[in-house]
Structure formats: structure tokens, C-alpha cells
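Hi there,

Here is the structure I promised to pass on to you. Have a look at it first, and then read my notes below.

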Amino acid sequence: MAKVKGAVVVDVDTCKGCNLCVVACPTQTLALHRNVNGKGYHYSYMENPEACTGCSNCAMVCPDSCITVYRAKIA
Amino acid sequence: MAEVAENIQNIIKPENLVYQKSPVLTDKVMHYCPGCSHGVVHKIIAEVIDEMGIQEDTIGVSPVGCSVFAYNYIDIDWHEAAHGRAPAVATGVKRVFPNKFVFSYQGDGDLAAIGTAETMHAVNRGENIVMVFINNAIYGMTGGQMAPTTMVGQVTATTPHGRNVDLNGYPLKITELIAQLPGAAYVTRQSVQTPAAVRKTKKAIRKAFEVQANKKGTAFVEVVATCNSGWKISPVESNEWMEEHMFPFYPLGDLKDGEKEDPEALKMNV
């Protein structure tokens, strides 16, 4: 069975660490990083990249449009 | 670990792209607080404009309030209006450019407080405009004072013991009032706290623009939103607070879906 794998790219500089994407993620892929970005916010990142399915839920709820989503079929 | 990183790099390729920032949004970083609903609604409007291919033909009217700088974020033509007067300005713009898509973007302090008269009369005239109304139950920009839409018992800077109906009156359901007016074609109330809600709101805004294209009357989209800074809780807790306290009073769904009343049917017999 073909498996779908996803990956997200978070624009670290514009992320404000609001945590909405982390809550919206159905596979617990995302988390807030312990480091902060230039504005002092704990930015979102893929803590568990293997779990990402590329469903785009995180990007849908992101108020700052800083998430780009990729999805590919892995044979 | 290296293998995982390599797998990710294999997925992150242009041909695998499924979601990216709308090209109608500018690169300017939004000034909104972390987790603010305004950003999501801006994004939805930008996506709808992009999907309909009307970037060159859309004119927005921005209000006074947090979203006063909306013209910096969505790459279309904009007009700034005096506080509460966005529907009046949108009326003028639409009458001068009847083939353009005109929408006003207003918060509850703008649309439901100082601009109530303009709002009611613009809808009552059945102007072919879209009105997007962000209802976060508080005056966000000025520091969290009570708004007409503030819930009974809600603590704000000007109601430190909670909104008291005897003193402050009842919360204003302006969307229900507007749905009664003959000029309204499409009146709906949506929210943006979950991915499913965001998709529904996007459909509603798309439909509102289509109502305008078909000259059916005024399309009014209320978005029940959060103001975590004003409410003094985290963005995630704000969404829960909104679901628990605002949705029972401001129920989601379409209030009117049709077109403005036929003036011929209302004409008196002489």
C-alpha cells in the first residue's frame, strides 16, 4: 500500500509561537521549540517528523501564514 | 536521525507542494498578537480572491480598529474609512465602480457600535457589497474595554465585575437584526478556531463574493473570533472559551440565504 508522507516548513522569523498549529495537528507532529526566534517567540517545528501526513491542518489555522506543507507518496 | 532528515528533504520539493501562503498576501509581518483570528480571516479572504482571480478587481474598505492596517497585508486596492463608516464608503466605491468587487472588513467596535447606523442602512439599501464582521466581544485595540457584543458577565477593563445587564444592557446580536432587513441577500455566522471551521468560513466568504457578482444584495459574513490579549488568556484557551461561552449566544450557521426583496412586489398601488 502506498503511504503518504508529509513535511511542513515553518517560517521561523514570522512564527509568533501561538501554539494553534500544535493543537490542530492530528498526529502530534508539531511542537514549540525550546529556542526562540528573533522576536523572542518559541517557534513551531516538526518534533516528530515521521508522523506528518501533510494534511495541512496546521497551515489552515496559522494566523500568520508561516507554514508551507508538502506531501508525497512513498511506495 | 540523518535518514529522517534525508526523507524530509526528499518530500520538500516544489512538485509535492500542497499548501503555501497565498500570493495575494504581502510579505509584511502582521502586527496582530500571536493567535489572533484576524490573521486567519485575512488569509481566507486572500485565498478566495486568488481562487476567483479577482485581485485586480477587488477594492477593500478597512475600518478603524486592530484591522486598520489590513491594507498592508492583502495586495489589492484599499480605501480607509472613518470609524464605523466603512459600509458608507463601500457604498460610494461600489456605485462608482459597479463592476468591481467591494468589501468592508470591520470589527465589532466599528460595525456594531459607532457604525451601527451605516451598517443597517447600507444593508437596508441592498447595496451589492460584502461585509466581513469580526466579532470578538471586546474592544481589542484600545485595551480590552466592553463592546456592545460583550457577553453578560464577561470581565473587561470597563466592566471589572462582569457585564451587568441593568447597567450595560444586553449583548447586541447585530447579525440577527441584519438578517431581518429586505436588502440582505446572504447573512451567515461562522468561526475560525478549527481547520474544519476555517474551511466553512472560506466557503461562506466565497459565496458572499459570488452573491455580489450576481447582484443579489448585501452579503454579510460574521466571524466569531477570539481576542486572547483582551481576554487575558492564551490563544488555545481563547478558542475553548469562545466555544464554551460565545457559541451558545452566537450560534453558527446561515441566517439568510436568498436575495434582496423584489421592489416591484413592495410597490404601493396608485
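**Where the two chains pair**

Tyr19(B), in β1(B), is the bridge partner of Val69(A). In the same way, Leu17(B) of β1(B) is the bridge partner of Tyr70(A). Before going on, please note that this is a predicted model, in which local features need pLDDT of at least 70 and side-chain atom pairs count only at pLDDT 80 or more, while totals for chains, interfaces and linings use all residues. Residues are numbered from 1 along each chain as its sequence is written, and chains are lettered from A and ligands numbered from 1 in the order in which they are written.

The two bridges join β4 of chain A (residues 67-74) to β1(B), and the sense is antiparallel. Strands here are DSSP runs of E with at least two residues, helices are runs of H or I with at least four, and both are numbered from the N terminus. Two strands pair if DSSP finds at least two bridges between them. As background, strands of a sheet pair through backbone hydrogen bonds, either parallel or antiparallel.

**The wider interface**

Two residues are in contact if their C-beta atoms, placed from the backbone, lie within 7 Å. By that rule, 28 residues of chain B are in contact with 29 residues of chain A. On the chain B side, α1 (2-11), β1 (17-19), α2 (37-52), α8 (195-213) and α10 each supply at least two residues. The largest share of that side, four residues, comes from α2(B). By class, the chain B side has 18 nonpolar, seven polar and three charged residues. Here Ala, Val, Leu, Ile, Met, Phe, Trp, Tyr, Cys and Pro count as nonpolar, Asp, Glu, Lys and Arg as charged, and the others, Gly among them, as polar.

**Chain A by itself**

Chain A has two helices and four strands, and from the N terminus on its elements run β-α-β-β-α-β. Its C-alpha atoms fill a box of roughly 45 × 20 × 20 Å, taken along the principal axes. Of the 75 residues in chain A, 48% are buried. A residue is buried if 20 or more other C-beta atoms lie within 10 Å of its own, exposed if 12 or fewer, and partly exposed in between, with C-beta atoms placed from the backbone.

**Two residues to look up**

Asn19(A) is found in the loop between β1 (3-10) and α1 (20-24) of chain A, and is partly exposed, with 19 other C-beta atoms within 10 Å. Lys232(B) also has a positive phi, near 65°. Lys232(B) lies in the loop between α9 (228-231) and α10 (235-246) of chain B.

Happy exploring!
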